[in-house]
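Reader: I would like to go through some helix packing and a ligand site, with the terms set against their cut-offs. Where shall we start?

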Amino acid sequence: MKHNFDEVVKRLGTGCKKWDTYDKDVIPMWIADTDFTCPKPIVDAIRKRAEHEVYGYPIIESSYERAVAGWQRRRFGWNIKTDWVEYTPAVIPAIVYAMRAFTHPGDRVVVQMPCYHPFPEVIPHNGRFVAPNPLIPQKDGSWAIDWKGFEELLKDPRTTMFLLCNPHNPTGKVFTKAELTRMANLCAKYGVFVVSDEIHSDIVYKGSKHYPFGSVSDVAAKNCVVCVNPSKTFNIAGFRTGAAIIPDKHNHELFRNEVENLKAFGRNIFGTLAVEVAYTKCDYYADQEIEYLQGNLDYLRKFLEEKVPEMKVGKVQATYLIWIDCKALKMDNKTMMDFFLHKAKVAMNDGATFGLGGEGYMRMNIACPRSQLEEALKRIEKAVKTLRK
Ligand SMILES: Cc1ncc(COP(=O)(O)O)c(C=O)c1O
(Lines give C-alpha, C1' and ligand atoms only; values in the text may rest on other atoms or scores of the structure.)
Protein backbone atom coordinates (compact mmCIF):
# COMPACT_ATOMS: atom_id res chain seq x y z
CA MET A 1 0.00 0.00 0.00
CA LYS A 2 1.24 3.47 -0.83
CA HIS A 3 0.39 6.46 1.37
CA ASN A 4 0.12 9.95 -0.10
CA PHE A 5 2.17 12.20 2.18
CA ASP A 6 1.91 15.05 -0.35
CA GLU A 7 -1.82 15.34 0.23
CA VAL A 8 -2.83 18.67 1.78
CA VAL A 9 -5.52 18.15 4.41
CA LYS A 10 -7.48 21.11 5.74
CA ARG A 11 -7.17 21.08 9.52
CA LEU A 12 -8.01 24.74 10.16
CA GLY A 13 -11.31 25.06 12.02
CA THR A 14 -11.36 21.40 13.13
CA GLY A 15 -10.61 22.09 16.78
CA CYS A 16 -7.00 21.29 16.09
CA LYS A 17 -4.40 22.74 18.44
CA LYS A 18 -1.72 23.08 15.78
CA TRP A 19 -3.84 25.06 13.29
CA ASP A 20 -6.44 26.74 15.46
CA THR A 21 -4.10 28.38 18.00
CA TYR A 22 -2.67 31.14 15.80
CA ASP A 23 -4.17 33.49 13.20
CA LYS A 24 -5.54 31.88 10.03
CA ASP A 25 -2.73 33.26 7.85
CA VAL A 26 0.02 31.64 9.97
CA ILE A 27 1.60 28.35 8.85
CA PRO A 28 1.86 26.20 11.98
CA MET A 29 5.15 24.29 12.21
CA TRP A 30 5.20 23.75 15.96
CA ILE A 31 3.38 21.17 18.16
CA ALA A 32 4.41 17.55 17.57
CA ASP A 33 1.71 16.03 15.43
CA THR A 34 1.86 15.55 11.69
CA ASP A 35 -0.28 17.08 8.95
CA PHE A 36 -0.56 13.66 7.28
CA THR A 37 -3.73 11.57 7.21
CA CYS A 38 -3.36 8.52 9.37
CA PRO A 39 -2.96 5.07 7.80
CA LYS A 40 -5.96 3.68 5.92
CA PRO A 41 -6.12 0.46 8.01
CA ILE A 42 -6.62 2.61 11.16
CA VAL A 43 -9.29 4.78 9.52
CA ASP A 44 -11.15 1.67 8.30
CA ALA A 45 -11.00 -0.04 11.69
CA ILE A 46 -12.26 3.05 13.53
CA ARG A 47 -15.11 3.52 11.04
CA LYS A 48 -16.15 -0.09 11.39
CA ARG A 49 -16.08 0.08 15.19
CA ALA A 50 -18.04 3.37 15.19
CA GLU A 51 -20.74 1.79 13.04
CA HIS A 52 -21.58 -0.65 15.82
CA GLU A 53 -23.23 2.27 17.65
CA VAL A 54 -22.63 0.82 21.14
CA TYR A 55 -19.54 2.03 23.03
CA GLY A 56 -19.72 0.46 26.50
CA TYR A 57 -16.97 -0.86 28.76
CA PRO A 58 -14.51 -3.03 26.86
CA ILE A 59 -13.27 -6.40 28.04
CA ILE A 60 -9.51 -6.31 28.54
CA GLU A 61 -7.81 -8.76 26.21
CA SER A 62 -4.13 -9.22 25.50
CA SER A 63 -4.27 -8.13 21.86
CA TYR A 64 -3.04 -4.65 22.87
CA GLU A 65 -0.01 -6.04 24.69
CA ARG A 66 0.72 -8.45 21.81
CA ALA A 67 0.62 -5.58 19.30
CA VAL A 68 3.09 -3.51 21.36
CA ALA A 69 5.42 -6.51 21.78
CA GLY A 70 5.24 -7.36 18.07
CA TRP A 71 6.23 -3.84 17.04
CA GLN A 72 9.23 -3.80 19.40
CA ARG A 73 10.33 -7.17 18.08
CA ARG A 74 9.94 -6.36 14.37
CA ARG A 75 11.20 -2.80 14.37
CA PHE A 76 13.95 -2.87 17.01
CA GLY A 77 14.74 -6.54 17.58
CA TRP A 78 13.73 -6.33 21.26
CA ASN A 79 12.16 -9.61 22.27
CA ILE A 80 9.73 -8.48 24.90
CA LYS A 81 7.06 -10.56 26.62
CA THR A 82 3.43 -9.43 26.50
CA ASP A 83 3.23 -9.42 30.29
CA TRP A 84 5.91 -6.71 30.43
CA VAL A 85 3.45 -4.32 28.75
CA GLU A 86 1.12 -2.03 30.67
CA TYR A 87 -1.55 0.07 29.00
CA THR A 88 -1.23 3.80 29.78
CA PRO A 89 -3.38 6.73 28.64
CA ALA A 90 -0.30 8.40 27.05
CA VAL A 91 3.42 8.81 27.68
CA ILE A 92 3.40 11.75 30.11
CA PRO A 93 0.93 10.02 32.48
CA ALA A 94 3.18 6.93 32.35
CA ILE A 95 6.15 9.08 33.40
CA VAL A 96 4.09 10.41 36.31
CA TYR A 97 3.07 6.88 37.45
CA ALA A 98 6.72 5.80 37.31
CA MET A 99 7.86 8.85 39.25
CA ARG A 100 5.27 8.12 41.94
CA ALA A 101 6.15 4.41 42.01
CA PHE A 102 9.95 4.69 42.10
CA THR A 103 10.74 8.00 43.83
CA HIS A 104 9.61 9.97 46.87
CA PRO A 105 8.56 13.61 47.21
CA GLY A 106 11.68 15.76 47.53
CA ASP A 107 13.81 13.42 45.38
CA ARG A 108 15.75 14.59 42.33
CA VAL A 109 15.13 13.52 38.75
CA VAL A 110 17.95 13.91 36.22
CA VAL A 111 16.96 15.39 32.85
CA GLN A 112 19.26 16.11 29.91
CA MET A 113 18.85 19.72 28.79
CA PRO A 114 17.47 21.25 26.65
CA CYS A 115 14.44 19.03 27.05
CA TYR A 116 10.82 18.47 26.07
CA HIS A 117 9.13 21.16 28.16
CA PRO A 118 6.56 19.06 30.09
CA PHE A 119 9.42 17.14 31.77
CA PRO A 120 10.46 20.02 34.04
CA GLU A 121 6.78 20.74 34.64
CA VAL A 122 5.58 17.31 35.78
CA ILE A 123 8.57 16.77 38.07
CA PRO A 124 7.89 19.75 40.40
CA HIS A 125 4.12 19.29 39.99
CA ASN A 126 4.66 15.94 41.70
CA GLY A 127 6.86 17.39 44.44
CA ARG A 128 10.21 16.24 43.00
CA PHE A 129 13.13 18.41 41.79
CA VAL A 130 14.75 18.64 38.35
CA ALA A 131 18.48 17.87 38.29
CA PRO A 132 19.63 19.27 34.92
CA ASN A 133 22.41 17.60 32.93
CA PRO A 134 23.17 19.71 29.82
CA LEU A 135 23.88 18.06 26.48
CA ILE A 136 26.93 19.70 24.93
CA PRO A 137 26.77 20.97 21.32
CA GLN A 138 29.71 19.77 19.21
CA LYS A 139 31.38 21.47 16.23
CA ASP A 140 29.94 18.89 13.80
CA GLY A 141 26.38 19.68 14.93
CA SER A 142 26.04 16.59 17.14
CA TRP A 143 25.42 16.49 20.90
CA ALA A 144 27.66 14.97 23.55
CA ILE A 145 26.77 13.78 27.03
CA ASP A 146 28.44 15.51 29.98
CA TRP A 147 29.38 12.22 31.67
CA LYS A 148 31.22 13.85 34.56
CA GLY A 149 28.22 16.06 35.40
CA PHE A 150 25.88 13.10 34.91
CA GLU A 151 27.76 10.95 37.43
CA GLU A 152 27.96 13.82 39.92
CA LEU A 153 24.17 14.13 39.82
CA LEU A 154 23.65 10.36 40.16
CA LYS A 155 25.99 10.23 43.18
CA ASP A 156 23.74 12.62 45.10
CA PRO A 157 21.65 10.40 47.41
CA ARG A 158 18.62 12.59 46.70
CA THR A 159 18.75 11.53 43.01
CA THR A 160 16.51 8.51 42.45
CA MET A 161 15.44 8.76 38.81
CA PHE A 162 16.86 9.54 35.38
CA LEU A 163 14.24 10.63 32.86
CA LEU A 164 15.79 9.87 29.48
CA CYS A 165 14.35 10.99 26.14
CA ASN A 166 15.51 8.34 23.64
CA PRO A 167 15.73 9.58 20.84
CA HIS A 168 16.09 13.07 22.18
CA ASN A 169 13.60 15.86 21.66
CA PRO A 170 14.54 18.62 20.78
CA THR A 171 18.13 17.94 19.62
CA GLY A 172 17.28 14.91 17.44
CA LYS A 173 20.10 12.89 19.02
CA VAL A 174 19.96 9.09 18.82
CA PHE A 175 21.86 7.49 21.68
CA THR A 176 24.30 4.75 20.73
CA LYS A 177 24.22 1.31 22.34
CA ALA A 178 27.49 2.16 24.09
CA GLU A 179 26.05 5.39 25.52
CA LEU A 180 22.88 3.65 26.73
CA THR A 181 24.88 0.81 28.29
CA ARG A 182 27.10 3.29 30.11
CA MET A 183 24.02 5.19 31.38
CA ALA A 184 22.46 1.90 32.53
CA ASN A 185 25.61 0.86 34.42
CA LEU A 186 26.01 4.22 36.12
CA CYS A 187 22.34 4.40 37.12
CA ALA A 188 22.44 0.85 38.53
CA LYS A 189 25.66 1.66 40.41
CA TYR A 190 24.04 4.59 42.20
CA GLY A 191 20.56 3.07 42.61
CA VAL A 192 18.90 5.47 40.18
CA PHE A 193 15.85 4.18 38.30
CA VAL A 194 15.54 4.94 34.57
CA VAL A 195 12.43 6.02 32.71
CA SER A 196 13.05 6.08 28.98
CA ASP A 197 10.59 8.07 26.87
CA GLU A 198 10.81 6.44 23.43
CA ILE A 199 7.88 8.17 21.76
CA HIS A 200 10.13 9.31 18.88
CA SER A 201 11.81 5.96 18.27
CA ASP A 202 10.04 5.20 14.97
CA ILE A 203 11.37 8.23 13.11
CA VAL A 204 15.10 7.59 12.83
CA TYR A 205 17.05 8.71 9.76
CA LYS A 206 19.59 6.98 7.52
CA GLY A 207 22.79 6.05 9.30
CA SER A 208 21.35 5.89 12.83
CA LYS A 209 19.72 3.08 14.79
CA HIS A 210 17.39 3.20 17.77
CA TYR A 211 18.05 0.89 20.72
CA PRO A 212 15.24 0.52 23.26
CA PHE A 213 16.84 1.28 26.62
CA GLY A 214 15.71 -2.00 28.16
CA SER A 215 17.27 -3.98 25.30
CA VAL A 216 20.89 -2.94 25.78
CA SER A 217 21.73 -5.19 28.75
CA ASP A 218 20.24 -7.16 31.64
CA VAL A 219 21.35 -4.37 33.96
CA ALA A 220 19.26 -1.90 31.93
CA ALA A 221 16.25 -4.24 31.69
CA LYS A 222 16.10 -4.75 35.47
CA ASN A 223 16.07 -1.04 36.20
CA CYS A 224 13.73 0.68 33.76
CA VAL A 225 10.35 1.59 32.38
CA VAL A 226 10.26 2.23 28.63
CA CYS A 227 7.37 4.44 27.50
CA VAL A 228 6.04 4.25 23.95
CA ASN A 229 3.16 5.61 21.92
CA PRO A 230 2.48 5.26 18.19
CA SER A 231 0.82 8.70 18.26
CA LYS A 232 3.71 10.67 16.73
CA THR A 233 4.26 8.25 13.87
CA PHE A 234 0.65 7.60 12.86
CA ASN A 235 -0.92 10.94 13.85
CA ILE A 236 -3.24 9.47 16.46
CA ALA A 237 -2.30 11.60 19.51
CA GLY A 238 -5.96 12.60 19.94
CA PHE A 239 -6.84 9.05 21.00
CA ARG A 240 -4.76 9.41 24.19
CA THR A 241 -3.25 5.95 24.42
CA GLY A 242 0.24 4.63 25.10
CA ALA A 243 2.12 1.82 26.79
CA ALA A 244 4.81 1.22 29.36
CA ILE A 245 7.20 -1.70 28.98
CA ILE A 246 8.59 -2.99 32.28
CA PRO A 247 10.79 -6.09 32.00
CA ASP A 248 11.32 -6.65 35.73
CA LYS A 249 8.35 -8.32 37.45
CA HIS A 250 8.70 -6.53 40.78
CA ASN A 251 9.07 -3.14 39.08
CA HIS A 252 6.02 -3.93 37.00
CA GLU A 253 4.01 -4.64 40.17
CA LEU A 254 5.10 -1.33 41.69
CA PHE A 255 4.10 0.50 38.50
CA ARG A 256 0.75 -1.32 38.27
CA ASN A 257 -0.05 -0.50 41.93
CA GLU A 258 0.33 3.16 41.07
CA VAL A 259 -1.95 2.81 38.02
CA GLU A 260 -4.53 1.03 40.20
CA ASN A 261 -4.25 3.52 43.06
CA LEU A 262 -4.97 6.30 40.60
CA LYS A 263 -7.76 4.26 38.96
CA ALA A 264 -6.06 4.93 35.62
CA PHE A 265 -6.57 1.50 34.07
CA GLY A 266 -9.71 2.24 32.02
CA ARG A 267 -9.11 1.83 28.30
CA ASN A 268 -10.42 3.88 25.43
CA ILE A 269 -12.02 1.56 22.86
CA PHE A 270 -11.02 3.67 19.86
CA GLY A 271 -7.54 4.42 21.16
CA THR A 272 -6.71 0.78 21.87
CA LEU A 273 -8.00 -0.22 18.46
CA ALA A 274 -5.92 2.47 16.75
CA VAL A 275 -2.77 1.33 18.59
CA GLU A 276 -3.40 -2.33 17.77
CA VAL A 277 -3.90 -1.62 14.08
CA ALA A 278 -0.92 0.77 13.96
CA TYR A 279 1.40 -1.78 15.53
CA THR A 280 0.17 -4.76 13.51
CA LYS A 281 -0.75 -3.45 10.05
CA CYS A 282 1.07 -0.19 9.45
CA ASP A 283 4.77 -0.93 9.09
CA TYR A 284 4.48 0.13 5.44
CA TYR A 285 3.29 3.59 6.53
CA ALA A 286 6.14 4.12 9.02
CA ASP A 287 8.70 3.07 6.36
CA GLN A 288 7.30 5.47 3.77
CA GLU A 289 6.96 8.28 6.31
CA ILE A 290 10.63 8.05 7.32
CA GLU A 291 11.57 8.31 3.65
CA TYR A 292 9.27 11.30 3.11
CA LEU A 293 10.57 13.07 6.21
CA GLN A 294 14.15 12.41 5.13
CA GLY A 295 13.25 14.25 1.91
CA ASN A 296 11.79 17.15 3.92
CA LEU A 297 14.86 17.28 6.13
CA ASP A 298 17.23 17.31 3.14
CA TYR A 299 15.12 20.04 1.52
CA LEU A 300 15.13 22.15 4.69
CA ARG A 301 18.87 21.80 5.19
CA LYS A 302 19.71 22.73 1.58
CA PHE A 303 17.27 25.66 1.55
CA LEU A 304 18.66 27.17 4.74
CA GLU A 305 22.28 26.61 3.73
CA GLU A 306 21.73 28.35 0.40
CA LYS A 307 19.20 31.04 1.29
CA VAL A 308 19.08 31.60 5.03
CA PRO A 309 22.55 30.78 6.41
CA GLU A 310 21.65 32.63 9.61
CA MET A 311 19.63 29.50 10.55
CA LYS A 312 21.62 26.30 11.01
CA VAL A 313 20.44 22.72 11.21
CA GLY A 314 22.81 20.47 13.17
CA LYS A 315 23.17 16.70 13.00
CA VAL A 316 19.59 15.43 13.03
CA GLN A 317 19.41 11.68 13.60
CA ALA A 318 15.76 11.34 14.57
CA THR A 319 12.34 13.02 14.98
CA TYR A 320 10.51 15.44 12.72
CA LEU A 321 11.14 18.23 15.20
CA ILE A 322 14.14 20.10 13.92
CA TRP A 323 16.28 22.09 16.32
CA ILE A 324 17.54 25.14 14.48
CA ASP A 325 20.37 27.34 15.70
CA CYS A 326 19.29 30.92 15.00
CA LYS A 327 21.91 32.72 17.10
CA ALA A 328 23.21 34.51 13.98
CA LEU A 329 19.91 36.42 13.82
CA LYS A 330 21.12 38.14 17.01
CA MET A 331 17.69 38.38 18.65
CA ASP A 332 16.58 37.32 22.07
CA ASN A 333 14.06 34.47 21.97
CA LYS A 334 11.00 36.57 22.67
CA THR A 335 11.85 38.93 19.80
CA MET A 336 12.67 35.97 17.54
CA MET A 337 9.35 34.23 18.27
CA ASP A 338 7.56 37.51 17.52
CA PHE A 339 9.57 37.98 14.32
CA PHE A 340 8.75 34.53 12.89
CA LEU A 341 5.13 34.69 13.95
CA HIS A 342 4.28 38.22 12.84
CA LYS A 343 6.81 39.00 10.10
CA ALA A 344 7.21 35.56 8.48
CA LYS A 345 3.78 34.25 9.56
CA VAL A 346 5.27 30.92 10.53
CA ALA A 347 4.70 29.45 14.01
CA MET A 348 7.58 27.44 15.44
CA ASN A 349 8.40 26.47 19.03
CA ASP A 350 10.48 28.94 21.00
CA GLY A 351 13.76 27.22 21.91
CA ALA A 352 13.86 28.99 25.28
CA THR A 353 10.83 26.97 26.43
CA PHE A 354 13.04 23.85 26.30
CA GLY A 355 15.11 25.25 29.18
CA LEU A 356 18.85 25.39 29.69
CA GLY A 357 20.66 25.56 26.31
CA GLY A 358 17.53 26.52 24.37
CA GLU A 359 18.35 30.24 24.01
CA GLY A 360 19.01 31.17 20.38
CA TYR A 361 17.17 28.11 19.01
CA MET A 362 13.80 27.55 17.36
CA ARG A 363 12.18 24.14 16.84
CA MET A 364 10.48 23.49 13.51
CA ASN A 365 8.08 20.60 12.89
CA ILE A 366 8.64 19.36 9.32
CA ALA A 367 5.97 16.62 9.35
CA CYS A 368 3.86 18.23 6.66
CA PRO A 369 3.43 18.00 2.88
CA ARG A 370 6.52 19.27 1.04
CA SER A 371 4.47 22.13 -0.47
CA GLN A 372 3.75 23.48 3.02
CA LEU A 373 7.39 23.29 4.03
CA GLU A 374 8.37 25.11 0.82
CA GLU A 375 5.88 27.92 1.51
CA ALA A 376 6.99 28.29 5.14
CA LEU A 377 10.64 28.49 4.10
CA LYS A 378 9.90 31.07 1.39
CA ARG A 379 8.18 33.21 4.01
CA ILE A 380 11.10 32.84 6.40
CA GLU A 381 13.60 33.75 3.66
CA LYS A 382 11.61 36.88 2.77
CA ALA A 383 11.37 37.97 6.40
CA VAL A 384 15.08 37.36 7.13
CA LYS A 385 16.05 39.35 4.00
CA THR A 386 14.49 42.43 5.58
CA LEU A 387 17.03 42.15 8.42
CA ARG A 388 20.04 42.24 6.12
CA LYS A 389 21.72 45.55 5.28
C1 LIG B 1 9.50 13.47 24.08
C2 LIG B 1 8.01 13.50 24.18
N3 LIG B 1 7.39 12.80 25.13
C4 LIG B 1 6.05 12.81 25.26
C5 LIG B 1 5.26 13.55 24.41
C6 LIG B 1 3.79 13.57 24.61
O7 LIG B 1 3.32 12.29 24.64
P8 LIG B 1 1.85 11.92 25.10
O9 LIG B 1 0.92 12.74 24.31
O10 LIG B 1 1.78 10.45 24.81
O11 LIG B 1 1.78 12.18 26.58
C12 LIG B 1 5.86 14.29 23.38
C13 LIG B 1 5.06 15.10 22.47
O14 LIG B 1 5.56 15.91 21.75
C15 LIG B 1 7.27 14.26 23.26
O16 LIG B 1 7.91 14.94 22.31
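Author: The crossing of H3 and H11 is left-handed. This is a predicted model, in which local features need pLDDT of at least 70 and side-chain atom pairs pLDDT 80 or more, while totals for chains, interfaces and linings use all residues. Residues are numbered from 1 along each chain as its sequence is written, and side-chain values use heavy atoms, with hydrogens and water left out.

Reader: What makes a crossing left-handed, as that of H3 and H11 is?

Author: The near helix must be turned anticlockwise from the far one by less than a right angle; clockwise would be right-handed. The crossing of H3 and H11 falls in the left-handed class. The helices themselves are DSSP runs (H or I, at least four residues; strands are E, at least two), numbered from the N terminus.

Reader: How do you know whether H3 and H11 are roughly parallel or oblique?

Author: Helix H3 (residues 63-76) and helix H11 (residues 269-281) pack at about 30°, and their axes are 8 Å apart. Angles run from 0 to 180 degrees between N-to-C directions, with axes fitted to C-alpha atoms over the stretch in contact. Under 35 degrees counts as roughly parallel, over 145 as roughly antiparallel, 65 to 115 as roughly perpendicular and the rest as oblique. H3 and H11 are therefore roughly parallel.

Reader: Which residues make the contact between H3 and H11?

Author: With contact meaning heavy atoms within 4.5 Å, H3 contributes Ser63, Tyr64, Ala67, Val68, Trp71 and Arg74, and H11 contributes Thr272, Val275, Glu276, Ala278, Tyr279 and Thr280. By class there are 7 nonpolar, 3 polar and 2 charged residues. Here Ala, Val, Leu, Ile, Met, Phe, Trp, Tyr, Cys and Pro are nonpolar, Asp, Glu, Lys and Arg are charged, and the others, Gly among them, are polar.

Reader: Why is H3 called oblique to H12?

Author: The axes of H3 and helix H12 (residues 283-307) come within 12 Å and cross at roughly 45°. That makes H3 oblique to H12. The contact joins Trp71, Arg74 and Arg75 of H3 to Asp283, Ala286, Asp287 and Ile290 of H12, giving 3 nonpolar, no polar and 4 charged residues. H3 passes H12 in a right-handed crossing.

Reader: At what angle do H2 and H11 pack?

Author: Helix H2 (residues 40-51) packs with H11 at about 145°, with the axes 9 Å apart, in a right-handed crossing. Pro41, Ile42, Ala45, Ile46, Arg49 and Ala50 of H2 meet Ile269, Phe270, Leu273, Ala274, Val277, Ala278 and Lys281 of H11. These divide into 11 nonpolar, no polar and 2 charged residues.

Reader: How many residues surround the ligand?

Author: There are 13, the closest being Val91, Asn169, Asp197, His200 and Lys232. A residue is near a molecule or strand if one of its heavy atoms lies within 4 Å of it.

Reader: What is the peptide bond between Asn169 and Pro170, cis or trans?

Author: The bond is cis, with omega about 20°. Pro170 sits in the loop between strand E6 (159-165) and helix H7 (177-189).
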